[in-house]
Amino acid sequence: MKSKNQDPQDELFMRLAMKQAIRALRRTAPNPAVGAVILKNSKVLAKGYHRSAGLPHAEIDALQKLGASKAVGSTLYVTLEPCSSHGKTPPCTESIIAAGISRVVYGATDPDKRHRGRAPRILRKAGIVVREGVLAKECSAINAHWNHRVSTGLPWVIAKAGMSLDGRIDSPLHISERRWITSAASRKEGMRIRASVEAILVGGGTVRTDDPALTIRDIKIPEDQPHPWRIVWSKSGKIPKKSKLLTDAHRDRTLLFTNMTLRRVLKELGKRGISSVLIEGGGHTLGEAFKRKLVDEVRFFIAPVIQGGRVPAVNAHISPAHLNEVIYTKIGSDVMISGLVKKLNPES
């Protein structure tokens with residue numbers, strides 16, 4: 001027999017809240033993407049989502065659309081445990097109690113140990129019925145990168161490279177002009193990957209050799225979605241003053257780190273609230289990332305050409321990085337191999 005707190009419609013309305021949360025993706029850093037729905041007598045009264053850091057959280061966005069007095073006796077569905085501490089905005093738990101909401105249903109639990117589980121205790125103490133963990137796995141997946149940063153202090157790291165069948169990412173010495181290795185379709189998919197992260201990282205050698213822009217081109221992104229941060233990791237700090245990263249329209253989104261290990265750079269990015277980083281090269285930088293076991297996910301594009309060249313995609317002596325959930329996708333004339341890096345238990 002089901003408890004009175006287990007309404008069979010809870011999953012239905014949580015999925016509606018999840019659709020709101022997805023609207024917030026890549027707009028809310030350093031905060032998570034969260035959606036909310038307010039329901040009364042099986043009727044949706046208001047929907048909301050967190051639009052940007054510093055703006056109202058999803059619960060408050062929905063309450064403001066509705067008007068606090070109309071929320072009395074309603075049920076609130078929210079994809080993440082409501083915040084219970086002061087930040088740039090007041091605790092959502094205070095507003096929920098003040099609005100007279102009688103029941104709260106949330107999906108994922110806050111991964112931050114400092115706050116985890118506080119909200120249900122506060123709300124129940126105020127007489128509000130709380131149901132936890134509805135579609136928790138699905139709700140948590142919306143903020144997988146944010147969850148990782150909050151739990152580890154490091155952003156989620158994706159290693160990306162376009163290479164020949166013999167694993168090279170540069171042109172042979174006898175070819176003076178650099179040329180694309182992968183197809184136009186693969187490069188367009190690479191832009192979609194860029195659009196899915198909060199930062200793109202390359203080594204100083206890549207900037208000096210290729211002068212990359214590291215911008216999103218040839219695909220549409222929402223106007224209010226910021227371009228990813230562009231991160232340069234360089235031991236010497238010698239970057240050409242006229243490089244695109246320092247002179248183009250997005251130059252205020254470029255960060256240069258010198259005299260730091262790659263792990264320390266990633267920790268610093270985590271402290272800045274950056275939850276996902278795409279490492280695009282070069283070979284030395286990707287090699288260091290794999291050597292130090294900093295990579296969480298792989299997206300390698302392999303072109304049907306054997307061309308020689310001096311620089312391997314992963315230019316380091318590393319322990320093998322085995323993948324889980326491997327997917328092979330044909331893109332144009334190329335194959336993209338994607339997967340999650342297996343993380344060994346510390347005791348193994």
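In this predicted model, helices H3 and H4 pack with their axes 10 Å apart and at an angle of about 25°. Angles under 35 degrees count as roughly parallel, so H3 is roughly parallel to H4. The crossing of the two helices, H3 and H4, is right-handed.

**Contact between H3 and H4**
- On the H3 side, the contact is made by Thr-93, Ile-96 and Ile-97.
- On the H4 side, Ala-119, Ile-122 and Leu-123 make the contact.
- Sorted by class, the contact of H3 with H4 comprises five nonpolar residues, one polar residue and no charged residues.

**Buried face of H3**
- Helix H3 spans residues 92-99, and Cys-92, Thr-93, Ile-96 and Ala-99 are buried in it.
- These buried residues line one face of the helix, because they fall within an arc of 130° when seen down the axis of H3.
- An α-helix has 3.6 residues a turn, so residues three or four places apart point the same way.

**End of H3**

**Asp-210**
- Asp-210 lies in helix H8, which covers residues 204-210.
- With a relative accessible area of 37%, Asp-210 is partly exposed.
- Asp-210 and Arg-51 are 159 residues apart along the chain, and their C-alpha atoms are separated by 36 Å.

Key
Residues are numbered from 1 along each chain as its sequence is written. This is a predicted model: local features need pLDDT of at least 70, side-chain atom pairs count only at pLDDT 80 or more; totals for chains, interfaces and linings use all residues. Side-chain values use heavy atoms; hydrogens and water are left out. Buried means under 20% relative accessible area, exposed over 50%, partly exposed in between (1.4 Å probe, protein chains only). Helices (H or I, at least four residues) and strands (E, at least two) are DSSP runs, numbered from the N terminus. The arc is that of the directions from the helix axis to the C-beta atoms. Axes are lines fitted to C-alpha atoms, for helices over the stretch in contact, and angles run from 0 to 180 degrees between N-to-C directions. Angles under 35 degrees count as roughly parallel, over 145 as roughly antiparallel, 65 to 115 as roughly perpendicular and the rest as oblique. A crossing is left-handed if the near helix is turned anticlockwise from the far one by less than a right angle, and right-handed if clockwise. Contact means heavy atoms within 4.5 Å. Ala, Val, Leu, Ile, Met, Phe, Trp, Tyr, Cys and Pro count as nonpolar, Asp, Glu, Lys and Arg as charged, and the others, Gly among them, as polar.
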